[in-house]
Amino acid sequence: MLDAPLFWILVLPGLLLGMYAQSRIRMNFARYSQVRTVDGITGAEVARRILDLQGLQDVRVEYTPGLLSDHYDPGSKVLRLSQQVYFVPSIAAAGVAAHEAGHAVQDAKDYFPMEARSRIVPLVQLASQIAPWLFIGGVTLQSTTLTWVGVIMFGASSLFALITLPVEFNASARAERLLLSHGIIRGDEQIEGVRRVLGAAAWTYVAAAVSAVGVWLFYILVLFAQPRRA
């Protein structure tokens, strides 16, 4: 598969976008980690302030190890922030913390794309484990039905990546509005910093979606080519 030109034509754009996004994240996060918030509040304090002002006192804010491992867990109502965000009073940390707080607000308001994404997580996890085996088994046994089942299950990952886009973009938009409305960031430099950090992060989700769709299309084209080979 890896030596097929078609595979690289469909998958390479996503890989290149991913590399571009990661370089932008590192550059912008490092740059705006040097710009302090107006009141000197850390990422953890930013998240707590936004959550409290949104009436979400039941959502906990915790530290989690790892590099930029920040995430919101809707199941346990916990917002977890990495060391570079939790303890640091910077614009970069404020942007990331506000983005994750935006997910908590989405959860509280039953934002449909987030609800849909959460519901298909079990299917995506199952598909990632068995779809390759179904596809390979179908091709090997020349079973069109089995191969199609594998391809459809591969599509779950593509669907998940596509649904993730509005969830993440909406969380970033919420983050900027909340930071401004609550006076956590002020001035053109700080606004620009938050936009650059969140914009760079958004490209990673775009890259993931492009890559997932590319891989799915490759498997579909391989499936359509099978009868002609036979």
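**Close-up views of a predicted model**

View 1. Residues are numbered from 1 along each chain as its sequence is written, and side-chain values use heavy atoms, leaving out hydrogens and water. Ser-172 belongs to helix 6 (helices are DSSP runs of H or I with at least four residues, strands are E runs of at least two, numbered from the N terminus). Leaving aside residues up to four places away in sequence, Ser-172 touches His-99 and Leu-198 (heavy atoms within 4.5 Å).

**View 2. Ala-21 in helix 1.** Helix 1 covers residues 5-32 and holds Ala-21. With a relative accessibility of 0%, Ala-21 is buried. Ala-200, Trp-203 and Thr-204 are touched by Ala-21, again not counting residues up to four places away in sequence. Glu-189 is 168 residues from Ala-21 in sequence, and the two C-alpha atoms are 22 Å apart in space.

View 3. Strand 2 is joined to strand 3 (residues 78-81) in the antiparallel sense over 3 bridges. Asp-73 faces Val-78, a residue of strand 3.

**View 4. The ring pair Tyr-63 and Tyr-86.** Aromatic pairs number 8 in the structure. The ring centres of Tyr-63 and Tyr-86 are 6.2 Å apart and the planes stand at 75°, so the pair is edge-to-face (centres of Phe, Tyr or six-membered Trp rings within 6.5 Å; planes under 30 degrees apart are stacked, over 60 edge-to-face, the rest tilted). This pair links distant parts of the chain, as Tyr-63 lies in strand 1 (residues 60-63) and Tyr-86 in helix 3 (residues 83-86), 23 residues apart. Tyr-63, at 37% relative accessibility, is partly exposed. Tyr-86 is partly exposed at 22% relative accessibility.

**View 5. The ring pair Phe-135 and Phe-154.** These rings also make an edge-to-face pair, with 6.4 Å from centre to centre and 75° between the planes. Phe-135 sits in helix 5 (residues 112-141) and Phe-154 in helix 6 (residues 144-181), so-called distant parts of the chain that are 19 residues apart. Phe-135 is buried, at a relative accessible area of 8%. Phe-154 is buried as well, at 15% relative accessibility. Ring pairs join Phe-135 and Phe-154 with Phe-218 and Tyr-219 in a cluster.

**View 6. The chain around these sites.** The chain has 7 helices and 3 strands, and along the sequence they follow the pattern α-α-β-β-β-α-α-α-α-α. The C-alpha trace spans about 70 × 35 × 25 Å along its principal axes. Of the 230 residues in the chain, 47% are buried. Among contacts between residues at least 6 apart in sequence, 70% join residues at least 24 apart.

Terms used. This is a predicted model: local features need pLDDT of at least 70, side-chain atom pairs count only at pLDDT 80 or more; totals for chains, interfaces and linings use all residues. Buried means under 20% relative accessible area, exposed over 50%, partly exposed in between (1.4 Å probe, protein chains only). Two strands pair if DSSP finds at least two bridges between them.
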